[in-house]
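This briefing is intended for a reader who is meeting the structure for the first time.

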Amino acid sequence: MLSGCVPWPAEEADRHRRDGYWKGEPLGELLRRAAAEHGDRTALVARGARIGYRELDTRADDLARGLLALGLARGDRVVVHLPNRPEFVLATFALLRIGALPVYALPAHREREIAHLCGFAGARAYLTADRYLGHDHRDTARRVAALSGVALRHVLVAGDAQEFTALDAVERAGRTLRHTPLPPPGPSGDAALFLLSGGTTGLPKLIPRTHDDYAYNARAAAEVCGFDRGTVYLAALPAAHNFALACPGVLGTLAVGGTVVLPDDPSPQESLRLVAEERVTATALVPSLLAMWLDAQEWLPEDLSSLRLLQVGGARPDAATAARVRPVLGCTLQQVFGMAEGLLCLTRPDDPEELVLSCQGRPLSPGDEVRVVDSDGRPVPQGAVGELLTRGPYTLRGYYRLPEHNSRTFTGGWYRTGDLVRSLPGGNLAVEGRVKDVINRAGEKVSAEEVEEHLAAHPAVRQAAVVGERDTVLGERITAFVVLADGAPCPTPAQLAAFLRDRGVAAFKTPDRLTALPALPLTAIGKLDRKSLPTAP
Ligand code: OOB
């Protein structure tokens, strides 16, 4: 077990194996098995190119050998910062096969987040793309590599690498080494990869997911969603996010021999065009993107007759938007309440429509345990709102290298989700709010504390407080209150956005509203009292 990761207690691990959840298969083998069974079928479609299972499997091995030749080895952490391109999938399997651990950054992250991840994970390598959506990621790489505290040995770039190492050259080098055996896979109970937490604290925390637990996550989600070799899954959300990676997402689709379609850009137009062109059967969206799909489809309809299942999660959709799915898109809605930490709740494809529209689903696994408790940790009566605690075969037992935080967030193996839910008959849950200081902006989780720290660094700002406010388009918007430095003018929205961009912060963390106040409300013991901030008119 990698140091800094928290294992399941031995008896529980035994139980998860006995109950058949953990199969002892390394994640890198998921593709190997699929290639053996579905060799000639199409695994990936991107920019019109099609990659078959056998080819993908061989190329992943080539890249794995190339990475080994570079000096990467078991236990090394590699920050993977790639959009939804074939290289994302190739690099994932290549790293898994050599026992190096991908740390998945989101495409929108910039050098602040990347530097933190590289430093905190002690990453050996940073893997990114040349350009994506107008941003030159090689610039990010240059800035990160120049920072102290980051001990990167390699910067690998998919596409035009300039002064960095080209990923395709690593793969080519690996192709010449086909006679060298790959190292045997490590124990399947070890961490395989790191996902990022939805950000309650300053910067993202790392969530270790083991081979056993993540393979189960992907397989079980694929089963519940009825995925099979006929499934064509469109990765409309970043594959670096748990939802599109393994719920069932890319991994769940590949596990059953289906086809993954990777759009060139995340726009609804491009996605809807691909649904029609590739006969997509399933996809996953956050509610704000769903609303855009619905509008786009009403204005410029595409042939969506192949689409069967539309997963919506990451935030709670409003009832009116959810109700438009069947009439406008002609497919079944599935509500998904999940978290990178583990627990996944889903409505089932054959649930009655009224149920699907009224809750966020029920746990994926019979091995999932949930409790709904009051602020003293006592169970609330059925149907009452309380905080959700959970544990089970694919929910983490601790964040990477954060023992103090872990001692507050986990009790007896139970993970405190920070989400307020109501438990309904049949084990379904309705998400009612949260107790954590996170803003859920269009499904992106933004830590209030992190944005406050950035704002307080602005020369015109003395103090800052950040909250989420309801917003019809975003679900929640980021509202900031600042106390200005003596005589300083309040920054305009454009100035503020430029300031945060220059600091290398992901654009989705920029406040949508900014208001100057003479002072911030404090609690009796002098802490910031976010609840007493003025609310929007
Ligand atoms: C997904 O994962 P994360 O890690 O980005 O965010 C998790 C948090 C949850 O704790 C909850 O606060 C919120 O996002 N959330 C929802 C929700 N789904 C997630 N809140 C209300 N309704 C929902 N349906 O967001 C994620 C991971 C896997 C699958 C789907 C979503």
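The sulfur of Cys5 lies 17 Å from the closest cysteine sulfur, that of Cys118, which is too far for a bond. The structure holds 0 disulfides, a disulfide being a pair of cysteine sulfur atoms within 2.5 Å. This is a predicted model, in which local features need pLDDT of at least 70 and side-chain atom pairs count only at pLDDT 80 or more, while totals for chains, interfaces and linings use all residues. Residues are numbered from 1 along each chain as its sequence is written, and side-chain values use heavy atoms, with hydrogens and water left out.

**Cysteines**

- Cys5 counts as buried, at 11% relative accessibility (buried means under 20% relative accessible area, exposed over 50%, and partly exposed in between, with a 1.4 Å probe and protein chains only).
- Cys331 is in no disulfide, and the nearest cysteine sulfur, in Cys225, is 13 Å away.
- Cys331 also counts as buried, with a relative accessibility of 2%.

**Domain layout**

- The protein chain is divided into domain 1 (27-40 + 53-185) and domain 2 (438-532), with bounds that come from an automatic or database domain assignment.
- The centres of domain 1 and domain 2, taken over C-alpha atoms, are separated by 35 Å.

**Contact between the domains**

- In domain 1, 7 residues are in contact with 10 residues of domain 2, where contact means heavy atoms within 4.5 Å.
- About 610 Å² is buried between domain 1 and domain 2, and carbon and sulfur atoms give 48% of this area; buried area is the accessible area (1.4 Å probe) that two parts lose on being put together, summed over both.
- Of the area that domain 1 buries against domain 2, Ala108, Arg112 and Glu113 supply 65%, more than any other three residues.

**Charged pairing**

- Between domain 1 and domain 2 the count is 1 salt bridge, defined as a side-chain nitrogen of Lys or Arg within 4 Å of a carboxyl oxygen of Asp or Glu.
- Lys509 forms a salt bridge with Glu113, and their closest N and O atoms are 2.6 Å apart.
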